[in-house]
Amino acid sequence: MAQFATCQFRFLFSRLALIVIVSANGPRVPSPGASSGRCRKGVTTMAAPYPGNVTPLAQPAQDAPAAPIIRTIGLPDLHEALRLGWEDFKAVPSHAIILCVIYPVLGLVLARTVLGYSVLPLLFPLAAGFALLGPFAALGLYELSRRRENGEPATAWDALEVLRSPSFGAMLGLGTLLFALFVTWVATAQAIYVAAFGYEAAAGIPDFARRVLTTPQGWWLIVVGCGVGFLFAVVALCISVVSFPLMLDRHAGAADAMVTSLRAVARNPVPMAAWGLIVAALLVLGSLPLFLGLAVVIPLLGHATWHLYRKVIAPDPNPRPIPPRPPRERRSAADFPAALFPWRRRTDA
């Protein structure tokens with residue numbers, strides 16, 4: 001029994017000594033016996049691992065899409081984009097009723113609300129805010145122009161196909177950002193008016209026009225309000241001039257689309273500034289006859305924006321395959337209540 005304990009003690013001591021030697025001198029260890037040789041072999045294997053078993057910490061992204069190529073455009077390209085947008089509008093004119101009638105109706109409702117609740121100073125900021133929400137509101141128009149460009153059927157109902165786009169979530173996120181910008185602009189315009197005239201409401205349109213056009217506070221309101229509104233419009237233009245068409249065409253994320261839009265504006269500052277002035281001028285013209293002209297202006301600008309995107313962004317040399325969209329399920333009018341709860345129908349099946 002004592003001999004067995006002595007052997008165990010010697011074995012543990014030799015292992016401890018081997019660990020100390022390896023820690024001090026690296027993988028080169030003496031070989032006192034067969035067991036040391038086996039241990040040395042194991043240590044050598046651990047010290048020099050097989051290269052195929054090593055996983056690099058950083059691997060190159062082979063499938064990362066390349067950044068879109070920005071072209072340099074000129075003022076004639078803006079004219080061409082407007083001409084092509086007008087051709088799209090004439091080819092599918094019925095969508096103006098379905099997609100854009102909301103703008104004149106909304107304008108009339110806002111005008112009536114403003115006059116009824118004595119918040120007349122907000123009428124112009126609300127009308128100017130169409131320029132901030134326009135890029136998102138024209139999603140269906142981009143889809144129609146894309147379909148006509150590819151030779152696909154383009155009807156008013158086909159504009160709703162944008163809702164099935166893989167990047168619709170990103171579009172919705174950027175649209176929410178533009179809506180927040182719109183709300184901030186309206187609140188800022190209200191604060192500017194209060195700073196100029198206080199909280200006293202105008203008695204009517206003549207009184208409001210007299211305040212704004214014949215008093216020093218009114219001219220200060222015009223200068224400051226237009227200057228601040230210009231800054232809001234510049235921000236909206238820079239982050240959305242080609243963002244939504246890019247997300248629809250290449251299914252890019254919202255951040256990548258905004259970065260590409262900023263690059264496009266930086267590459268073409270003069271044409272993009274001219275485009276912003278064209279958009280503002282057309283929106284003003286469309287808003288003058290009780291907002292009814294927006295039924296033509298909004299579709300024209302939406303289609304023209306798609307063609308402007310085609311001129312600014314070069315085609316993708318290596319387009320990634322996009323999985324086909326699932327076929328749309330045809331439903332009967334008799335299934336109307338059940339169609340609102342598709343998960344119930346799957347459970348019942």
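This is a predicted model: local features need pLDDT of at least 70, side-chain atom pairs count only at pLDDT 80 or more; totals for chains, interfaces and linings use all residues.
Residues are numbered from 1 along each chain as its sequence is written, and side-chain values use heavy atoms, with hydrogens and water left out.

**Confidence along the chain**

- The chain has a mean pLDDT of 75, with 64% of its residues at 70 or more.
- Among the elements of the chain, helix 13 (residues 254-267) has the highest mean pLDDT, 94, while helix 2 (residues 34-47) has the lowest, 43.
- Helices here are DSSP runs (H or I, at least four residues), numbered from the N terminus.

- Side chains of opposite charge can pair when their charged atoms come close.
- Counting a side-chain nitrogen of Lys or Arg within 4 Å of a carboxyl oxygen of Asp or Glu as a salt bridge, the total comes to eleven.
- R147 pairs with E152, their closest N and O atoms being 3.7 Å apart.
- R147 is buried because its relative accessible area is 11%, and E152 is partly exposed at 33%; buried means under 20%, exposed over 50%, and partly exposed in between (1.4 Å probe, protein chains only).
- D158 forms a salt bridge with R147 too, with 3.9 Å between the closest N and O atoms.
- That pair links distant parts of the chain, eleven residues apart: R147 lies in helix 8 and D158 in the loop between helix 8 and helix 9.
- Both D158 and R147 are buried.

**A further pair, and the network**

- R164 and E161 meet through their side chains in a salt bridge of 3.0 Å, N to O.
- E161 is buried at 9% relative accessible area, whereas R164 is partly exposed at 28%.
- Salt bridges with shared partners join E143, R146, R147, E152 and D158 into one network.

- L160 sits in the loop between helix 8 (139-149) and helix 9 (168-197), and is partly exposed because its relative accessibility is 38%.

Note on methods: Helices (H or I, at least four residues) and strands (E, at least two) are DSSP runs, numbered from the N terminus. pLDDT is the predictor's confidence in each residue, from 0 to 100.
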